[in-house]
Amino acid sequence: MVTIAIAALGLLGAGAADASAPAPADRAAADRHTPVVMSVMSPPSWFKGTDGCLHLVHELQLTNGIGLPVTVTSVSVQDVDRGRTLEELDGARLTESMSLMAVAAAPTTTIPGSAVGVIWFDITFRDREGIPDRISHTLTVAVPPGLPVPTSVTDSGAEAAVDTRPPVELGPPLPGPGWIVAGNCRDGAHRRSIQPVNGRLRLGRRFAVDWSGSDARHRPVVGDPDVNRNWVCYGAPVIAVADGTVAAAEDRFPDQIPNHPVPVTPAEADGNFVVLDLGDGRFAGFAHLVPGSVRVRPGDRVRRGQVIGNLGNSGSSSGPHLHFQVMDGPSLVDANGLPFVIDAFRVVGRIPPLDEALTASIDAGNPVPVGPVGRGPRHGELPLGRDVVDFRGPEDRHA
């Protein structure tokens, strides 16, 4: 059994290759076996949230290079240039921040043999001066006994340059009050949705927001929740967040029946959509639009506030909402998600946890309880999960 384990680690073959010719002393001292190989998927980037903090977001990919399970016991992130520790995770905080590389994978610190895990970092700062230019990582893993390595291995590396540019500042994607952040960059459906696309691992939805609407009484639905038009937000005008050029558009998919979606192919997942080229390598994507509502075509120039379609329930969707994201390419999936903020809006308050709040309210046709947390005007921030915000504009269908 030990022999098999050693072979799985790759040490048996290495020693047998040339037993009569030992490696130079300096080379032997420098070489060490690191069962888990670390890498940063894409440049860490930051935004300011409605919690008043600056959030530095990135993913640390962990490839288990042996055929046996290993367990991550701690990880830390360092500011390379200032020699300070930015984040340390162990115990429960590490568990909730780590999973295997699969959409909606359960939290875990154990990586099976020859598998890949991810640590999802969201490091907060109080001011811009705290954002580092470069980061690195120190990882400690527990290795099964019986291998020719210590049972606890610590490795440092995975250095990455931070994208220190400010996030792009945009106008709202929807007009009017009562918009609920039903999903955003801190929930698993968006944040932890790495996808293999065109031969690469991509995370276009890293900073995405799902917008669902409510009326003046904070009701998301009035009537039968299985009917699209009974959802208050259904059919709301979707507007351009900035001046730009239409890079892609699709308008051929039917709406789903709320709460009873049918499976769709990857090509249908975004439903009817529009992608705007904002310039400077940034693109804005609007998904799940009403069939027949898309008003623009590739190559069209649009102005901020111009209606480009209507909020619907097409594609991979269980209820009417607008999926909005910013990315570095014209595809909603084959791209790297980029941060953004909205220039001006008002936080009305915050709802309880989504499953509890929305499900009960939608089923019973009751208002969603909205607490006063965070209430007030905001500028240059990204709404976070469960925020309820007002976007005031000329096309205010909720007033």
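The exercises below work through a predicted model of one protein chain, each with a solution in steps.

Residues are numbered from 1 along each chain as its sequence is written, and side-chain values use heavy atoms, with hydrogens and water left out. In this predicted model, local features need pLDDT of at least 70 and side-chain atom pairs count only at pLDDT 80 or more, while totals for chains, interfaces and linings use all residues.

**Exercise 1. The chain as a whole**

Task: State how many helices and strands the protein chain has, and what share of its residues is buried.

Solution.
- Step 1. Helices (H or I, at least four residues) and strands (E, at least two) are DSSP runs, numbered from the N terminus. The protein chain has six helices and 27 strands.
- Step 2. Buried means under 20% relative accessible area, exposed over 50%, and partly exposed in between, with a 1.4 Å probe and protein chains only. Of the 399 residues, 51% are buried.
- Step 3. Accessible areas come from the Shrake-Rupley method with a 1.4 Å probe, and for residues only the protein chains shown count as cover. The accessible surface of the protein chain is about 17,100 Å², and carbon and sulfur atoms hold 53% of that.
- Step 4. A contact means heavy atoms within 4.5 Å. When contacts between residues at least 6 apart in sequence are taken, 72% join residues at least 24 apart.

**Exercise 2. Strand E12**

Task: Find which strands pair with E12, and say whether E12 is largely enclosed or open.

Solution.
- Step 1. Two strands pair if DSSP finds at least two bridges between them. With strand E27 (residues 387-391), E12 pairs in the antiparallel sense over three bridges. There, Val388 is the bridge partner of Ile180.
- Step 2. With strand E15 (residues 209-213), E12 also pairs in the antiparallel sense, over four bridges. In E15, Gly213 is the bridge partner of Trp179.
- Step 3. E12 covers residues 176-183, and seven of its eight residues are buried, so the strand is largely enclosed by the rest of the structure.

**Exercise 3. Aromatic pairs**

Task: Give the number of aromatic pairs and describe the pairs Phe47 with Phe207 and Phe324 with Phe340.

Solution.
- Step 1. Rings of Phe, Tyr and Trp (its six-membered ring) pair if their centres lie within 6.5 Å; planes under 30 degrees apart count as stacked, over 60 as edge-to-face and the rest as tilted. The structure has five such pairs.
- Step 2. The ring centres of Phe47 and Phe207 are 5.8 Å apart and the planes stand at 80 degrees, so this pair is edge-to-face. Phe47 belongs to strand E2 (residues 45-48) and Phe207 to the loop between strand E14 (200-202) and E15, so the pair ties together parts 160 residues apart in sequence.
- Step 3. Phe47 is buried, at 0% relative accessible area, and Phe207 is buried at 1%.
- Step 4. For Phe324 and Phe340 the centres are 5.2 Å apart and the planes at 85 degrees, so this pair is edge-to-face. Phe324 lies in strand E22 and Phe340 in strand E24 (residues 340-342), so the pair ties together parts 16 residues apart in sequence.
- Step 5. Phe324 has 2% relative accessibility and counts as buried; Phe340 is buried at 1%.
- Step 6. Trp211, Phe345 and Phe391 are linked into a cluster by ring pairs.

**Exercise 4. Asp334 and its partners**

Task: Locate Asp334, decide whether it is buried or exposed, and list its side-chain partners.

Solution.
- Step 1. Asp334 sits in the loop between strand E22 (322-327) and strand E23 (337-338). Its relative accessibility is 18%, so it counts as buried.
- Step 2. Leaving out residues up to four places away in sequence, Asp334 touches Val197, Asn198, Arg200 and Arg202.
- Step 3. A polar contact is a pair of N or O atoms within 3.5 Å; within protein, one must be able to donate a hydrogen and the other to accept it, and residues adjacent in sequence count only if both atoms are side-chain atoms. The side chains of Asp334 and Asn198 form one, of 2.8 Å.
- Step 4. A salt bridge is a side-chain nitrogen of Lys or Arg within 4 Å of a carboxyl oxygen of Asp or Glu. Asp334 and Arg200 form one at 3.5 Å, N to O. Arg200 lies in strand E14, so the pair ties together parts 134 residues apart in sequence.
- Step 5. Arg200, at 46% relative accessibility, counts as partly exposed.
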